[in-house]
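Reader: Before we look at this model, could you take me through its features one by one, giving the general idea first and then the case at hand?

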2 protein chains.
Amino acid sequence: MGRRKNRLMSIVFTDPGTLSHDAIEEGDLFAPRFDDHGLVTAVAVEASSGKILMLAHMDAEALSLTLSTGEVHYFSRSRGKLWKKGETSGEVQKLVEIRTDCDQDALLVLVEQTGRGAACHTGRKTCFYRKVELENGEARLASTGEPRLFDPDLVYNR
Amino acid sequence: MGRRKNRLMSIVFTDPGTLSHDAIEEGDLFAPRFDDHGLVTAVAVEASSGKILMLAHMDAEALSLTLSTGEVHYFSRSRGKLWKKGETSGEVQKLVEIRTDCDQDALLVLVEQTGRGAACHTGRKTCFYRKVELENGEARLASTGEPRLFDPDLVYNR
C-alpha cells in the first residue's frame, strides 16, 4: 500500500506552456495552469446536491494527493502549507470528480462532504452564507439562513 | 438616468483591514478582500439550475458596476481591463444575487445567463466541460458531453 501510494502521489501534470491554445481548451491533456504562487483555484461542490461548498486553492502536491488518495487536499494560503480538508474538524471531502475549465486555471471539485456535512470552518455546510443587499447605494450583508451544523469553538478547541 | 447610474456606480466597499475577524466572518458589512492585484474571485452560477458556469475575477469597479447596473462585469486578467460579460457575444449575465464567503475573498454570483445560454467563450453553457480521469497514474481529460450552443468562430469573427 505504501508503494502504491507513493507511485500514485507522483502524478505529473502537463506544462500548459508546451501546449497550443487549442490543445489547452479542447485537448485531452490535463495541464493545470498554476499561477505565480503555484496555485490553481478550486471550487468544491457537493456532488449529491450540486451545492457550492467553498472556494480554495491547490498546488501541484495538493492536486496530486487529491487524485491519488481520493480525499481532497488544498494549499492553505493563510498558513502557507498543505492542508487535508477535515484533518482537524473531521469534515473530510471524498473526491467524486474533478473538472477543469477552458483555460485550465480553475478546477471544479465534486465531493462527498463527510462528517456533519459542514465544509465551512464556521460550522455551516457552505462558506457562502451571506448575500449582498444594496440599500440606498450602500452594500450590506444579510444571512441566507444557512444553519450551523457544528459549534466551531468546540471543534477547533478555541 | 445618467445621474442615477453615476451615483450607483460609486459604491464604496468597507476595507476588511478595518474590521475584526469576527466582523468579517459574521458581520453585516460587505468588505470584499481584494488581493494584491485588486481582484476577488467570482464564481458565476446559473440561478435557475444551480449549474456552475464559470470562474472569473472582479475588481472594485467591476463589482460596483455589477451591483449598480444589474449586469455582470468582470476584470479580464488576460486583457488587463474591465469586461462586461457578453459585450461581444451577447451572452449577458443578469445579476440575481451576490453572496460572499466567510473571509470575504470570494464571491458567488447567481445570474440569469441570457443569449443562447452559453457562459463559455467556446460556446458551451459552462467552462467546466472536461473531467479528469486517472489511468495508470496519468491524468487525462475526457468530455462531459457538454454541447456547444454557438460556434465561437462565427460569434467572435475569427
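Reader: What share of the contacts in chain A with a separation of 6 or more comes from residues 24 or more positions apart?

Author: Contact means heavy atoms within 4.5 Å; in chain A, residues 24 or more positions apart account for 44% of the contacts with a separation of 6 or more. This is a predicted model, in which local features need pLDDT of at least 70 and side-chain atom pairs count only at pLDDT 80 or more, while totals for chains, interfaces and linings use all residues. Residues are numbered from 1 along each chain as its sequence is written, chains are lettered from A and ligands numbered from 1 in the order in which they are written, and side-chain values use heavy atoms, with hydrogens and water left out.

Reader: How many helices and strands does chain A have?

Author: Helices (H or I, at least four residues) and strands (E, at least two) are DSSP runs, numbered from the N terminus. Chain A has four helices and eight strands, and from the N terminus on its elements follow the order α-α-β-β-α-β-β-β-β-β-β-α.

Reader: What rotation superposes chain A on chain B?

Author: Copies are superposed by least squares on the C-alpha atoms of residues with pLDDT of at least 70 in both. Here a rotation of 180° with 0.0 Å of shift along its axis brings chain A onto chain B, with an RMSD of 0.0 Å; the two copies are thus related as by a two-fold rotation axis. In chain A, the C-alpha nearest the axis belongs to A:Gly50, 3.4 Å from it.
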